[in-house]
Amino acid sequence: MDQFHATTIFAVQHKGKCAMSGDGQVTFGNAVVMKHTARKVRKLFNGKVLAGFAGSVADAFTLFELFEHRLEEYNGNLQRAAVELAKEWRSDKVLRRLEAMLIVMDHSNILLISGTGEVIEPDDGLLAIGSGGNFALAAGRALKTYSGDHLTAKEIAKAALEIAGDICVYTNDQIIVEELE
């Protein structure tokens, strides 16, 4: 699975709640930070679905639009919409060139969607993508496992990104956290 630089997206399901966080850094090449406050996590389908992207911004906006269209087509069925997007993404000559990955979630499911046709559901209710994804995932697993009843999904999502931002040069501290109510 390809790793995309200049972002970190982290999603967690914890104690019946769902949250997704993303940093705001946009990096041009390997040396220049072009923007600090990009919004890479958003609510879709009337606020019932969260989606976050890592990769090319223009490509990600295309994928957000296609995914939201699939959600509407399949009446909010996240798994069906994700599978249909992955099939279209993999088989279409133009879409195949898109350089991005998505994490999507609702109250029941959390999925990673890639252009190589993968739709992956984690065993532990945690997913992360982007250059700081492994750092955020490790932090999130520790926080979820050892927080007991002390941290909410939203607090875990924010803390995991803060920790990743302290380690990864492509992840900043301008964190957006979205939560499903």
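**Figure 1. Five strands form an open antiparallel sheet in the order β5-β6-β7-β8-β9.** The structure is a predicted model, in which local features require pLDDT of at least 70 and side-chain atom pairs count only at pLDDT 80 or more, whereas totals for chains, interfaces and linings use all residues. Residues are numbered from 1 along each chain as its sequence is written, and side-chain values use heavy atoms, with hydrogens and water left out. Helices (H or I, at least four residues) and strands (E, at least two) are DSSP runs, numbered from the N terminus; two strands pair if DSSP finds at least two bridges between them. β5 and β9 (119-120) stand at the edges with a single partner strand each, so one side of each has no neighbour in the sheet. β6 and β7 run antiparallel and are joined by six bridges. Gly-55 has Ala-100 in β7 as its bridge partner.

Figure 2. Contact means heavy atoms within 4.5 Å. Axes are lines fitted to C-alpha atoms, for helices over the stretch in contact, and angles run from 0 to 180 degrees between N-to-C directions.

**Figure 3. Helix α2 is capped at its N-terminal end by Asn-77.** A side-chain oxygen of Asn-77 lies 3.3 Å from the backbone nitrogen of Gln-79. A polar contact is a pair of N or O atoms within 3.5 Å; within protein, one must be able to donate a hydrogen and the other to accept it, and residues adjacent in sequence count only if both atoms are side-chain atoms. The 14 residues of α2 reach 20 Å from first C-alpha to last, close to the 20 Å expected at 1.5 Å a residue; the expected span is 1.5 Å times one less than the number of residues. Buried means under 20% relative accessible area, exposed over 50%, and partly exposed in between (1.4 Å probe, protein chains only). The buried residues of α2 are Leu-78, Ala-81, Ala-82, Glu-84, Leu-85, Ala-86 and Trp-89, and their cover includes β6, α1, β7, β8 and β9.

**Figure 4. The largest nonpolar core has 23 residues.** A nonpolar core is a set of buried Ala, Val, Leu, Ile, Met, Phe, Trp, Tyr and Cys residues joined through side-chain atoms within 4.5 Å. The residues with the most contacts inside this core are Phe-67, Leu-71, Leu-102, Val-104 and Ile-113. Two or more residues come from each of β6 (49-55), α1, α2 (78-91), β7 (100-105) and β8 (110-113), and α2 gives the most, with six. Beyond four places in sequence, Val-104 is in contact with Leu-50, Ala-51, Phe-67, Leu-78, Asn-109, Ile-110, Leu-111 and Ile-113. Apart from this core lies another, of 17 residues, including Leu-137, Ala-157, Ala-160 and Ile-175.

**Figure 5. Phe-64 and Arg-70 lie in helix α1, and Lys-40 in the loop between β4 (32-35) and β5 (41-44).** Phe-64 is buried, with a relative accessible area of 3%. Not counting residues up to four places away in sequence, Phe-64 touches Lys-40, Arg-42, Leu-44, Ala-51, Gly-52, Phe-53 and Leu-102. Lys-40 is also buried, with a relative accessible area of 3%, and its side chain reaches the backbone oxygen of Gln-25 at 2.4 Å. Arg-70 counts as buried because its relative accessibility is 14%. Leaving aside neighbours within four places in sequence, Arg-70 is in contact with Ala-81, Glu-84, Leu-85 and Glu-88.

**Figure 6. Four strands form an open antiparallel sheet in the order β10-β1-β2-β11.** The edge strands, β10 (126-130) and β11, each pair on one side only. The twist averages 10° from one strand to the next. β1 and β10 pair antiparallel over five bridges, and Val-12 stands opposite Leu-126 in β10. Helix α3 packs on the sheet, touching β1 and β10, with its direction at about 160° to that of β10.

**Figure 7. Helix α4 lies across β1, β2 and β11, running at about 150° to β1.** The 15 residues of α4 (residues 153-167) should span 21 Å at 1.5 Å a residue, and the end C-alpha atoms are 22 Å apart, which agrees. The buried residues of α4 are Ala-153, Ile-156, Ala-157, Ala-159, Ala-160, Leu-161 and Ala-164. These buried residues pack against β1 (8-14), β2 (17-22), α3 (133-146) and β11 (176-180).
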